[in-house]
Amino acid sequence: MFRKSLVVLVVAGLLASLGLLASAVFTATATVDNNTFTTGTLTLTATPASAALTLNTMVPGDSVTAPIAVNNAGSLDLRYAMTSNSTNVDSKNLATVMLLGIKTGVTTCTNGGFGASGTTLYTGTLTAASFGNPAQGSQAGDRALAAAANETLCFQATLPLTTTNAYQGAATTTTFTFTAEQTANNP
């Protein structure tokens, strides 16, 4: 009986040793920490922010010309468009008569220099002034600006020589709105 117990103990010991040997493996672990994700910024500004084009006591044939700098102060490339909204402070609708021209690449953004150089982005009435399309995705007329870049647009508002007496004492106020969107992953 002792012998049987000894055999059982030896067999059990061997099985236990084999079990330990079978489960003994080398392992290692590695970690990758400090994974950081940061989004880019889309920051569009226009300078001056107010009253870029102002002329009081206009008469037919008068023009006012001024630059507006469009700046991409963000870290992402963008494309932008411009729309306008005119408010006539009386019932005369001066904005429907006034003409607006917008150019890029004008050497001298003055009344005299406006026609001498540059590429036309818009020409028409003040009420319909726009270029590009502020909808998502690339549309005809949208302007591209790289991150931290800017461009100067030259605006010229004109009261045509053909303006009639019905517009004496008329006034209008216009807001130009520049709308931008990212270009990356936005065809």
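Me: How many bridges join strand β2 to strand β8, and in which sense do the two strands run?

Reply: First, a caution: this is a predicted model. Strands are read through their bridges. Here 9 bridges join β2 (residues 63–72) to β8 (residues 150–158). The two run antiparallel.

Me: Which residue in β8 is the bridge partner of V70?

Reply: V70 has E151 as its bridge partner. A69 stands opposite T152, also in β8.

Me: What joins β1 to β2?

Reply: 4 bridges, and the strands run antiparallel.

Me: What is the strand order of the open sheet?

Reply: The order is β1-β2-β8-β4-β5, a sheet of 5 strands with antiparallel pairing. The edge strands are β1 (44–47) and β5 (119–125), and each pairs on one side only. From one strand to the next, the twist averages 20°.

Me: Is β2 mostly covered or mostly open?

Reply: Mostly covered. Of its 10 residues, 8 are buried.

Me: Now the rings. How many aromatic pairs does a search of the whole structure find?

Reply: The search finds 3. Take Y80 and F178. Their ring centres are 6.1 Å apart and their planes lie at 55°, so the pair is tilted. The pair links distant parts of the chain: Y80 is in β3, F178 is in β9 (residues 172–182), and 98 residues separate them.

Me: Why does Y80 count as buried?

Reply: Because its relative accessibility is 1%, and buried means under 20%. F178 is buried too, at 16%.

Me: What about F155 and F176?

Reply: They also form a tilted pair, 4.9 Å centre to centre, with 55° between the planes. F155 lies in β8 and F176 in β9, 21 residues apart. F155 is buried, with a relative accessible area of 0%.

Me: Which residues form one aromatic cluster?

Reply: Y80, F131 and F178.

Me: Where does K103 lie relative to F114?

Reply: Look for a charge above a ring. K103 lies over the face of F114, 4.9 Å from the ring centre.

Me: Is V89 buried or exposed?

Reply: Exposed, because its relative accessible area is 60% and the cut-off is over 50%. V89 sits in the loop between β3 (78–88) and β4 (99–104). Check its C-alpha distance to T173 as well: 7.6 Å in space, with the two 84 residues apart in sequence.

Key
Residues are numbered from 1 along each chain as its sequence is written. This is a predicted model: local features need pLDDT of at least 70, side-chain atom pairs count only at pLDDT 80 or more; totals for chains, interfaces and linings use all residues. Side-chain values use heavy atoms; hydrogens and water are left out. Two strands pair if DSSP finds at least two bridges between them. Axes are lines fitted to C-alpha atoms, for helices over the stretch in contact, and angles run from 0 to 180 degrees between N-to-C directions. Buried means under 20% relative accessible area, exposed over 50%, partly exposed in between (1.4 Å probe, protein chains only). Rings of Phe, Tyr and Trp (its six-membered ring) pair if their centres lie within 6.5 Å; planes under 30 degrees apart count as stacked, over 60 as edge-to-face and the rest as tilted. A charge sits over a ring if NZ of Lys or CZ of Arg is within 6 Å of the ring centre and within 35 degrees of the ring normal.
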